[in-house]
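User: I would like a close look at one part of this protein. Please keep the answer plain and connected.

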Amino acid sequence: MELAYIPSPSRGVLYLGPIPLRGYAFCIIIGVFVAVWLGNRRWIARGGRPGTVADIAVWAVPFGLIGGRLYHVVTDYQLYFSEGRDWVDAFKIWEGGLGIWGAIAFGALGAWIGCRRRGIPLPAYADAVAPGIALAQAIGRWGNWFNQELYGRETDLPWAVHITSTADGRVPGYYHPTFLYESLWCIGVTVLVIWADRRFKLGHGRAFALYVASYCAGRFWIEYMRVDDAHHILGLRLNNWTALLVFLLAVVYIVLSARKRPGREAVVEPAAAGDEPEDGAQADAKSETDAKSETDAESGADAKSEVENGTGSMKKT
């Protein structure tokens, strides 16, 4: 008899009249809003304008969703194009199935377009939004709980997730909640990137690269625990190889970038450089300059008055 476990929801969708409210979609939407909120705070702290992160996200988010879905459909094509399957299901994104690798790659493309339109360096923007992306992933993973998917091997641990669905070949039972493991790992990645960015003043895309490397490290062992169908290469799941490759690329980028462009960008949004609020020293300096100008103007006026008075006296004499 199981004394404790994580129950699965009886269904992942509720209906408000004819309108379906899907838990998976809600998790994705909430994650996006949190990512934009946190990214906006970090962008402003680095000298950018309020609202810039959201404006660029208008490009990045749709591209990311399309890329995430494409990666999933391509790498799990048998779920949609094999015998007995309906290819139309490939468009049903609300039923689950987003590959983070495709989401980040296409999302970066969308962000590049948005940054280019505003004259903003993409690496600086990526550094600002990196922790928010990790936090969005932590929230989004709970969408898999609503869909009863992405669980690991069977276990009798007290935090096992109880799978009750039999759809798509699922076998009811108690399994490792890999969605929960990844969610907690992503929260840790968020904290790590924020701490490292403050401690080492990461710039030129290194905060984003740290997020990528640290996420891949966790994704490798979490992916190894999963039992859902996947393509294997040399005994490892495809996503394990992807995580390993992307991890190495991120580490190489951090090393080379630190050597080539140490430090952090002085200006992240050129358009905001001319309208930055003045700090205390700038305000004091400006006050002194204004005061000096006023004094000089008064002195000039007095001197002029004396000259005029002297000239008037001479005329009278």
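How much space lies in the largest cavity? Please also describe what lines the largest cavity, and follow helix α7 from there.

Analyst: This is a predicted model, and every value below is computed from it. About 30 Å³ of space lies in the largest cavity. The structure holds 1 cavity of 30 Å³ or more.

The lining of the largest cavity consists of Arg 141, Leu 150, Thr 178, Phe 179, Glu 182, Ile 222 and Arg 226. Sorted by class, this lining has 3 nonpolar, 1 polar and 3 charged residues. Helix α7, which covers residues 178–200, supplies the largest share of the lining, with 3 residues.

Trp 185 lies in helix α7. With a relative accessible area of 32%, Trp 185 is partly exposed, because that value falls between the 20% and 50% limits. Setting aside neighbours within four places in sequence, Trp 185 is in contact with Ser 214, Tyr 215, Ala 217, Gly 218, Trp 221 and Ile 222. Of these partners, Ile 222 is also one of the residues that line the largest cavity. A separate distance concerns Gln 137: Trp 185 and Gln 137 are 48 residues apart in sequence, and their C-alpha atoms are 9.8 Å apart in space.

Asp 197 also lies in helix α7. Asp 197 has a relative accessibility of 5% and so counts as buried, the cut-off being under 20%. The side chain of Asp 197 makes a polar contact with the side chain of Arg 42, at 2.8 Å. Apart from neighbours within four places in sequence, the residues in contact with Asp 197 are Arg 42, Leu 202, Ala 207 and Arg 264.

Helix α1 gives the most, with 4 residues. By class, the lining of the second largest pocket has 3 nonpolar, no polar and 7 charged residues.

Some context for the whole chain follows. The protein has 11 helices and 7 strands. Of its 317 residues, 39% count as buried. Among contacts between residues at least 6 apart in sequence, 70% join residues at least 24 apart.

Finally, a word on confidence. The mean pLDDT of the protein is 85, and 85% of its residues reach 70 or more. Over residues 276–287 the pLDDT is below 50, and this stretch has 4 contacts in the model beyond near neighbours in sequence. Where pLDDT is low, the predicted coordinates should not be read in detail.

How values were computed
Residues are numbered from 1 along each chain as its sequence is written. This is a predicted model: local features need pLDDT of at least 70, side-chain atom pairs count only at pLDDT 80 or more; totals for chains, interfaces and linings use all residues. Side-chain values use heavy atoms; hydrogens and water are left out. On a 1 Å grid over the protein atoms alone, a cavity is a set of points where a 1.4 Å probe fits but cannot get out, and a pocket is an open set with protein on both sides within 12 Å along at least five of seven lines; lining residues have an atom within 4 Å of a point. Grid points are joined across faces, edges and corners, and a volume is the space filled by probe spheres set on the points. Helices (H or I, at least four residues) and strands (E, at least two) are DSSP runs, numbered from the N terminus. Ala, Val, Leu, Ile, Met, Phe, Trp, Tyr, Cys and Pro count as nonpolar, Asp, Glu, Lys and Arg as charged, and the others, Gly among them, as polar. Buried means under 20% relative accessible area, exposed over 50%, partly exposed in between (1.4 Å probe, protein chains only). A polar contact is a pair of N or O atoms within 3.5 Å; within protein, one must be able to donate a hydrogen and the other to accept it, and residues adjacent in sequence count only if both atoms are side-chain atoms. Contact means heavy atoms within 4.5 Å. pLDDT is the predictor's confidence in each residue, from 0 to 100.
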